[in-house]
Amino acid sequence: MSAFPFTVSATDGLARTGVLETPRGAIRTPAFMPVGTAGTVKGLLVDQVRHTGADIVLGNTYHLMLRPGAERVRRLGGLHQFMRWPHPILTDSGGFQVMSLSALRKITEAGVTFRSHIDGSTHELTPERSIAIQADLLGADISMQFDECPALPAPETDVRRAMELSLRWAVRSKAAFGDRTTQNLFAIVQGGVDETLRQESAEALVAEGFDGYAIGGLAVGEPQEAMLRTLAFTTPLLPAGRPRYLMGVGKPIDLVEACARGIDMFDCVLPTRSGRHGQAWSDAGPVNLKNARFAEDAAPLDATSDCPASRDYSKAYLHHLVKSGELLGQVLLSWHNVAYYQSLMARIRTAIAQGVYAAFVERFREGLRKGAGES
């Protein structure tokens, strides 16, 4: 494999900022990837997503393989052309979604057999099939190894079994991926919140050699303190010269804290999911636009933002849209949230580059403690 060039331009403690260069464009790190589950960041045009500052989006293997079908996407030119996003795309392996089906799936050494949540049809997802979908049919710039991700809390025996199975699947994923110069493959460190298991997983994956390393199996039911403790232990085990990706996280404070522990990449559905439920994110926490206090508030969510949704619409209007069930309210709040997350990442990169990240983190924590905005 030929890893994309990754340059760390500045560090501040464990926090670092840099650039991951891909054939479809540069990814500034730390980076937050908006989630485009079914080939769309829900409610937004790709031009809106790009305008927020996003360098890369995430596509969902499980959902796209079921509808419209990965082979169809391939016939229509691949995921980039299909969704009109010419910039980098990372795809998840489908493992997390399949594992969450519980009663609808069966795990074996070969892979996972599951029934579609759409029509009940039976499908099999293996490491080889997952890689074929991601790299060959969807055409992802960054593919993820197929893995098993148990929900926490879980017995140590279950976490160990899943971690060891994921290691074997990682080897098969790498073999299926082969040697590629314009696409990369990331491994996924598993092991719950058990340091021994995390170390075994990380060391085995690093010895195998991948283009980047993700930390999976967190933000799946454990307390934030346990997640941060696990990150602080695991991140130093990964190669300093390759990207580190924390999967499925999270709230803004989680991103701020994880960057302080050396994470470079994130994804989460929270910005758009919150937007669809009337919630806007800010440095002071979530703002619930359903609250009657905003009914006559003429101020925008953020008068200094470059995002029209944040800057040009009053909280009173947004409150009206949300309370009336108007689709525009969901669109505007999703747009604001994606823009807020990208602005946060830009501020994080600047603080690291200036060597003041510890102070940035403390100010962010203090803003949340004081509730320095409306919630």
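Reader: How many aromatic pairs does the structure hold?

Author: This predicted model holds eight aromatic pairs. One of them is formed by tyrosine 62 and phenylalanine 114.

Reader: Why is the pair of tyrosine 62 and phenylalanine 114 called tilted?

Author: The ring centres are 5.5 Å apart and the planes are at 50°. Rings pair if their centres lie within 6.5 Å, and planes count as stacked under 30 degrees and as edge-to-face over 60.

Reader: What makes the charged end of arginine 180 count as sitting over the ring of phenylalanine 177?

Author: The distance from the ring centre is 4.7 Å. The cut-off is 6 Å, together with a direction within 35 degrees of the ring normal. The charged end of lysine 174 likewise sits over a ring, that of phenylalanine 210, at 5.8 Å from its centre.

Reader: Why is aspartate 264 called buried?

Author: Its relative accessibility is 0%. Buried means under 20%, so aspartate 264 counts as buried. The residue is placed in the loop between helix H10 (252–259) and strand E14 (265–268).

Reader: With which residues is aspartate 264 in contact, leaving aside its neighbours within four places in sequence?

Author: Its contacts include Phe6, Arg16, Thr29, Pro30 and Arg242. Two of these residues, threonine 29 and proline 30, are joined by a cis peptide bond with omega of about -5°. Proline 30 lies in the loop between E3 and strand E4 (31–36). Another cis peptide bond joins valine 249 and glycine 250, with omega about 0°; glycine 250 is in the loop between strand E13 (244–246) and H10.

Reader: Is arginine 84 exposed or buried?

Author: Arginine 84 has a relative accessible area of 54%. Exposed means over 50%, so arginine 84 is exposed. Although not a glycine, arginine 84 has a positive phi of about 60°, and its place is in the loop between helix H4 (79–83) and strand E6 (89–91).

Reader: Why is alanine 219 called partly exposed?

Author: Alanine 219 has 42% relative accessibility. Buried requires under 20% and exposed over 50%, so this value counts as partly exposed. Alanine 219, also not a glycine, has a positive phi of about 55°. Its loop runs between strand E12 (212–215) and helix H9 (224–234).

Reader: What makes strands E1 and E3 the edges of their sheet?

Author: The sheet is open, has three strands in the order E1-E2-E3, and is paired antiparallel. Strand E1 (6–12) and strand E3 (25–29) each have a single partner strand, so one side of each lacks a neighbour in the sheet. The twist averages 10° from one strand to the next.

Reader: How do you know that E1 and strand E2 pair?

Author: Pairing calls for at least two bridges. E1 and strand E2 (residues 15–22) are joined by six bridges in the antiparallel sense. In one of them, phenylalanine 6 has leucine 20 of E2 as its bridge partner.

Reader: Which residues of the largest nonpolar core touch the most other members?

Author: Among its 49 residues they are Leu205, Leu231, Leu246, Val256, Phe266, Ile348 and Tyr357. Helix H14 (residues 327–353) supplies the largest share of this core, seven residues. A second, separate core of 42 residues includes Leu44, Ile89, Val98 and Leu332.

Note on methods:
Residues numbered from 1 in each chain as written. Predicted model: local features only at pLDDT ≥ 70, side-chain atom pairs only at ≥ 80, totals over all residues. Heavy atoms only, no water. Core = buried A, V, L, I, M, F, W, Y, C linked by side-chain atoms within 4.5 Å. Buried < 20%, exposed > 50% of the residue type's maximum accessible area, 1.4 Å probe, protein only. Helix = DSSP H or I, 4+ residues; strand = E, 2+ residues; numbered from the N terminus. Phe/Tyr/Trp six-rings, centres within 6.5 Å; stacked < 30°, edge-to-face > 60°. Axes fitted to C-alpha atoms, helices over the stretch in contact; angles between N-to-C directions. Contact = heavy atoms within 4.5 Å.
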